[in-house]
Amino acid sequence: MISIKGRYYDGKTSRTVEAALTISADGRRCAVLTPDGTKMETENFSRINISPRLAHTPRYLYFPGGAKFETHDNEGVDGIMAEAGRGSWTDMVHFLESRMPYVLAALAVLLVFIWGTVRYGVPAASNAIAHCLPASTLSYAGVRTLDFLDKSVFKPSTLDEETKDRILNHFQPVLDAHMDQGIKIIFRQGGRIGPNAFALPDGTVIFTDEMVETAQHDDELLAVLLHETGHIIHRHGLRTVIQDSLLGFALLAFTGDVSGSAELFMGLPLFLTQMAYSRGFELEADQYALNGLRRSDIPLHRFADLMDRIEKKMRQKRNTAGNGKKWTSYLSTHPRMAERLKPFRGE
């Protein structure tokens, strides 16, 4: 007969009783007795559910009636399980986690798995998710983002209707070629974000008045439109937000708080005005613009000319404006611009 010491909970009250669990010689019956010999439980051992062993954490033996026996005597529990002929695949877990070489090997595998997931899995998953989202979701994200930007950043455009119509007419061939994307052009006064253009998930492309005023040729704006169209087609904005959110979702899932899932798109406006696309996304949009300019027989340098002019304005703005009044310009959301403009300059 094997006996192990522990604490007994009757499952009905919060009362805890020091007790010992014993198992019969044939391993079929067990009983829980207090030190004075009071019998608290008797049960067929096969009906008791036993928690798996994990390091030095206490083990629990659950009785069918709701009572529970807790013990730190892991060796004793393993002994009565062996006596009763009860084994489990979870015994392998204890075997592995109690041996340092296996622990180090598992840690190495885990680190490689995390690196692979972050490096390849998350981008692939965000790409798949972004391209599977229904049109209603894209519309929701676009409308909410524009609403936020209109309330916090933009002011109504001061461009005259003749200028808007001229630009829209110049854009029409590109818009016709991308009717399936539902691209819509709108104009806003950019204020602190200066010369800028944004592509929203629903196909809306926002040109700030400052961007239009900085351009010296409508082909320069057309080049920007092609670049933003590349972002729309490849869903870069959504992919970036989803990519950044996936790890957050994983953390929320582990911590049990999934209430943040509804806030998936809350970061999109901030991302558009403050953060940067990845270099890969920018190169992909650049290539789309290059191909579009070549198909339209438009000089490639139009895009570079406009970017150079914006950069010059940025420098002037930094020299004349005080702290906190600098533009968060188109270039600040497009890193390593000098290197990226080389293909547009034929270098």
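Trainee: Which exposed residues does the face of helix 1 turned away from its buried side carry?

Mentor: That face carries Glu 75 and Ala 82. Exposed means over 50% relative accessible area, buried under 20%, and partly exposed in between, with a 1.4 Å probe and protein chains only. The model is predicted, so local features need pLDDT of at least 70 and side-chain atom pairs count only at pLDDT 80 or more, while totals for chains, interfaces and linings use all residues. Residues are numbered from 1 along each chain as its sequence is written, and side-chain values use heavy atoms, leaving out hydrogens and water.

Trainee: What makes the buried residues of helix 1 lie on the same side?

Mentor: The buried residues of helix 1, residues 74–84, are Asn 74, Gly 76, Val 77, Ile 80 and Met 81. They cover an arc of only 165° around the axis, which puts them on the same side of helix 1. The arc is that of the directions from the helix axis to the C-beta atoms.

Trainee: Which strands are included in what covers those buried residues of helix 1?

Mentor: The cover includes strand 1 (2–9), strand 2 (16–23), strand 5 (49–50), strand 6 (59–62) and strand 7 (68–71). Helices (H or I, at least four residues) and strands (E, at least two) are DSSP runs, numbered from the N terminus.

Trainee: At what angle do the axes of helix 7 and helix 10 cross, and what is helix 7 called relative to helix 10?

Mentor: The axes of helix 7 (residues 218–233) and helix 10 (residues 279–295) come within 8 Å and cross at roughly 130°. That makes helix 7 oblique to helix 10. Angles under 35 degrees count as roughly parallel, over 145 as roughly antiparallel, 65 to 115 as roughly perpendicular, and the rest as oblique. Axes are lines fitted to C-alpha atoms, for helices over the stretch in contact, and angles run from 0 to 180 degrees between N-to-C directions.

Trainee: Which residues of helix 7 and helix 10 make the contact?

Mentor: Among them are Ala 223, Leu 226 and His 227 of helix 7 and Phe 281, Glu 282 and Ala 285 of helix 10.

Definitions and conventions: Contact = heavy atoms within 4.5 Å.
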